[in-house]
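This report goes through one protein model, from a single residue contact set to the whole chain and back to selected local features. The sequence and structure come below.

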Amino acid sequence: MASETATPGATQVVTRFAPSPTGYLHIGGARTALFNWLFARHHGGKALLRIEDTDRKRSTQDAIDKILDGLEWLGLDYDAPPVFQSDRAGRHAEVAMKLLETGHAYKCFATPEELEAMRTEQRAKKLPLRYDRRWRDRDLSEAPAGAPFSVRLKVPTEGETTIEDAVQGRVTVQNAEIDDYVLLRADGTPTYMLAVVVDDHDMGVTHVIRGDDHLNNAFRQLPIITAMGWPQPVYAHVPLIHGADGAKLSKRHGAVGVEAYRDEEGVLPEALFNYLLRLGWGHGDREEITREEAIKLFDLHGVGKSPSRFDIKKLQNLNGNYIREADDARLADLVARRIDGPVDKGLLEQAMPVLKVRAKNLDELTENAGFLFATRPLPLTDKARALLDDAGRAILVSVSEVLHEEKNWTTDSLEATTKALAERLELGLGKLAQPMRAALTGTTTSPGIFDVLVLLGREEALARIDAQASSGTR
């Protein structure tokens, strides 16, 4: 496996994350961003951000905003303002012209119709669709006067190119397999392949950490680097993320955008940070790793060569752990934003220790907190309504009598009083707790019933019990 640093001890590590703003921040992109950020932070280097917005038709400001928002939410900060690739077209063209001047590129006058005919013939003969280099060594005097032309890279046709990839190991490609691709289109606009190389060089990028679907691009980009006499970065091509079925992660597997896990799945940023870190990178059997530990431990040697499988259940379980460890005031604030209507944040924070015990995401936490702010008449689930039959209401009458006499509205006192009632009625405590829970919360699941009584307070708790005891089901 290749070294992680091009010149150990001499060159400051510089990484970059370079998303295309044509949609949301994909989970795979978020992991790439994370690996780049961690590697830079681990080596005391720079983490840079580049927005590859050269596709003006598909790039949108909304997508840019979502990408920046998602990165900020994950806690990935950068050491310089974002570079927008579209602002650098002049510089890209300048390099293309330099390659043309030095004989490493050439003008191609092939028309779109000629190129389509070439591809049609290649398809018919079942040949690779590759430019046939018809203008590579042709005399320019043969070109029609004033005809538009593209600029193509003159790729070596003999020998082979080897990359010592920091993740994939040694990878070799025959140069004959690489076509003379376009650097500048006929309208003067640069192609992605040229822009990426120029930007990486000008930004001082030392390590290109990206998905292994870009591995072939590395072999196409290296001839530009060599022709310009620029230092070659260290490449690290990380295997892609697959769904549980082993196929490349896509929308059919569920949410794949970072904002969906934040807004729709109720995942905490530290949980997704941790999960993405462990998705393709490992450090022994450690599952929970803090941000500070991740910076200390991360290296490319820990990245596996095989695709990772995204497991939503593992993410939810990990998220549940982080919810239980999270600050109650912070959770109360997050949950309050998800509740319609007025919210008592103080009460929500007070309730958080008992609400978060079983919650795996903020949605469950919000649902668990719903009873605190429900108004009478309390809406009942079907299961709760079934518990409040004649027998259930009779139990509530007895419960109401003893609780109205209760002087100390604490969990210990309420538990002792309720247990004494259960013994007197010769019922298990659960038989009393079930209709009480239905009357107090409108559901059959909630925190401990005595915690519920305390959180609601004496007046509201008794009012809810009395309402169901006296009026029956609704």
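S308 touches R31, L240, I241, H242, L279 and G280, with residues up to four places away in sequence not counted; contact here means heavy atoms within 4.5 Å. The residue lies in strand β12 (residues 308-309). S308 counts as buried, at 9% relative accessibility. The classes are buried for under 20% relative accessible area, exposed for over 50%, and partly exposed in between, with a 1.4 Å probe and protein chains only. Helices (H or I, at least four residues) and strands (E, at least two) are DSSP runs numbered from the N terminus.

The model is predicted: local features need pLDDT of at least 70 and side-chain atom pairs count only at pLDDT 80 or more, while totals for chains, interfaces and linings use all residues. Residues are numbered from 1 along each chain as its sequence is written, and side-chain values use heavy atoms, with hydrogens and water left out.

**Whole chain**

The protein contains 19 helices and twelve strands. Its radius of gyration is 32 Å, whereas a compact globule of 474 residues would have one near 23 Å. That radius is taken over C-alpha atoms, and the globule rule is 2.2 Å times the number of residues to the power 0.38. The C-alpha trace spans about 105 × 50 × 40 Å along its principal axes.

Of the 474 residues, 49% are buried. Among contacts between residues at least 6 apart in sequence, 75% join residues at least 24 apart. The accessible surface comes to about 22700 Å², and carbon and sulfur atoms hold 49% of that surface. Areas come from the Shrake-Rupley method with a 1.4 Å probe; for residues, only the protein chains shown count as cover.

The side chains include 60 positive and 71 negative ones, and the centres of the two sets lie 4 Å apart. Lys and Arg count as positive and Asp and Glu as negative, while His and the chain ends are not counted. Each charge is placed at NZ of Lys, CZ of Arg, CG of Asp or CD of Glu.

**Helix α16 and its surroundings**

Helix α16 (residues 411-425) has 15 residues and reaches 21 Å from its first C-alpha to its last, close to the 21 Å expected at 1.5 Å a residue. The expected span is 1.5 Å times one less than the number of residues. The buried residues of α16 are S413, L414, T418, L421 and A422. An α-helix has 3.6 residues a turn, so residues three or four places apart point the same way. The cover over the buried residues of α16 includes α15 (390-404), α17 (429-441) and α18 (449-456).

Just after α16 comes E426, in the loop between α16 and α17. Phi of E426 is near 55 degrees, a positive value in a residue other than glycine. E426 is exposed, with a relative accessible area of 72%.

In helix α15 sits I395, which is buried at a relative accessible area of 14%. Leaving aside neighbours within four places in sequence, I395 is in contact with L427, K431, L432 and P435.

**C-alpha separations**

| Pair | Along the chain | C-alpha to C-alpha |
|---|---|---|
| D62 and Y24 | 38 residues | 8.8 Å |
| I395 and P435 | 40 residues | 7.5 Å |
| Q350 and D328 | 22 residues | 7.9 Å |
| L140 and F109 | 31 residues | 9.0 Å |

D62 is found in helix α2 (residues 61-74) and is partly exposed, with a relative accessible area of 45%. Q350 lies in helix α12 (residues 345-355) and counts as partly exposed at 47% relative accessibility.

**Loop features**

L140 is placed in the loop between α4 and β5. With a relative accessible area of 44%, L140 is partly exposed. L140 touches K107 and F109, not counting residues up to four places away in sequence.

R133 is also in the loop between α4 (112-124) and β5 (150-153). R133 has a positive phi of about 60 degrees although it is not a glycine.

A cis peptide bond joins R376 and P377, with omega about 0 degrees. P377 lies in the loop between α13 (362-369) and α14 (382-387).
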